[in-house]
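Reader: I'd like to learn how to read a few features off a structure. Could you walk me through them?

Author: Gladly; let's look at the model together.

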Amino acid sequence: TDKAVNPTTFMGLSKRLAELEVLSDKYSKNKNYKKINTIVRFGNVIGSSGSVIPIFQNLIKNNKPITVFDKKLTRYMMTINEAVSLVLIAANFKFTKSIFILDMGKEISILELAKKMVIANGKTFTYKKPKFNEIQIKFGKLPKYEKLSEVLYINETPKKTDNEKIFYIKDLKTEQNQNLLKSICKFIETRDKYKLLNLCRKEQVFFN
């Protein structure tokens, strides 16, 4: 997911390390081996457990206020059917040492999404103390681990595939991944998170 790009949490870092592990798979280097590892990055899927939509819907249903962390907060949105179909199509491309990026269109304003959902439920939004049939929209402080927008790649222009909705980037760190992963595993086993983070920063495993 986007969390693997310049991660701000250990969950995001674990996803980036998983990418490196998949790209370093020794079998994928064997030309006679038929298996191809596939990595696909994309953002929010509407209706999934990590989607903000069910959360907003539940708040509106129970006449509770909606908190939007920042007025500029944006996220990509795609349907479950669209995400699944594009992932399955991407799995058929025989590109080694690559990461696929799905075209998710333009990012959606979370504030505008909240407004539209309130109206769609037959209610009115307000920034003040809510009256009858009104849902209050509050603004909070963006947590340090949250990003204002979703980033699926850094410092690289995705290349086209035969499908107009699927692009790919080459992971330039693949050759050094094996030794790097051994060092990372050592620090994970000893639970030395500070040495782990310092190593990841030094090798810039965050960025791709």
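**Reading salt bridges, burial and a sheet**

Author: Arg16 and Glu19 form a salt bridge, with 2.9 Å between the closest N and O atoms. The term stands for a side-chain nitrogen of Lys or Arg within 4 Å of a carboxyl oxygen of Asp or Glu. This is a predicted model, so local features need pLDDT of at least 70 and side-chain atom pairs count only at pLDDT 80 or more, while totals for chains, interfaces and linings use all residues. Residues are numbered from 1 along each chain as its sequence is written, and side-chain values use heavy atoms, leaving out hydrogens and water.

Reader: How many salt bridges does the rule give?

Author: The count comes to five.

Reader: Where do Arg16 and Glu19 lie?

Author: Helices (H or I, at least four residues) and strands (E, at least two) are DSSP runs, numbered from the N terminus. Here, both residues sit in helix H1 (residues 10-23), three residues apart, or about one turn of the helix.

Reader: Which salt bridge joins Glu19 to Arg41, and what does the pair tie together?

Author: Their side chains meet at 2.7 Å, N to O. Glu19 belongs to helix H1 and Arg41 to strand S1 (residues 39-41), so the pair ties together parts that are 22 residues apart in sequence.

Reader: Are these residues buried or exposed?

Author: Buried means under 20% relative accessible area, exposed over 50%, and partly exposed in between (1.4 Å probe, protein chains only). Arg16 and Glu19 are both buried. Glu19 counts as buried because its relative accessibility is 5%, and Arg41 because its value is 0%.

Reader: What about Asp192 and Lys195?

Author: Asp192 forms a salt bridge with Lys195, with 3.9 Å between the closest N and O atoms. Asp192 is partly exposed at 22%, and Lys195 is partly exposed at 48%. Elsewhere, salt bridges that share partners join Arg16, Glu19 and Arg41 into one network.

Reader: Now the sheet: in what order do the strands S3, S8 and S9 come?

Author: Two strands pair if DSSP finds at least two bridges between them. In this model, three strands form an open sheet in the order S3-S9-S8, with parallel pairing. Strand S3 (66-68) and strand S8 (124-126) are the edge strands, each pairing on one side only.

Reader: Which residue in S9 is the bridge partner of Phe125?

Author: That partner is Ile135. S8 and strand S9 (residues 134-139) pair in the parallel sense over three bridges.
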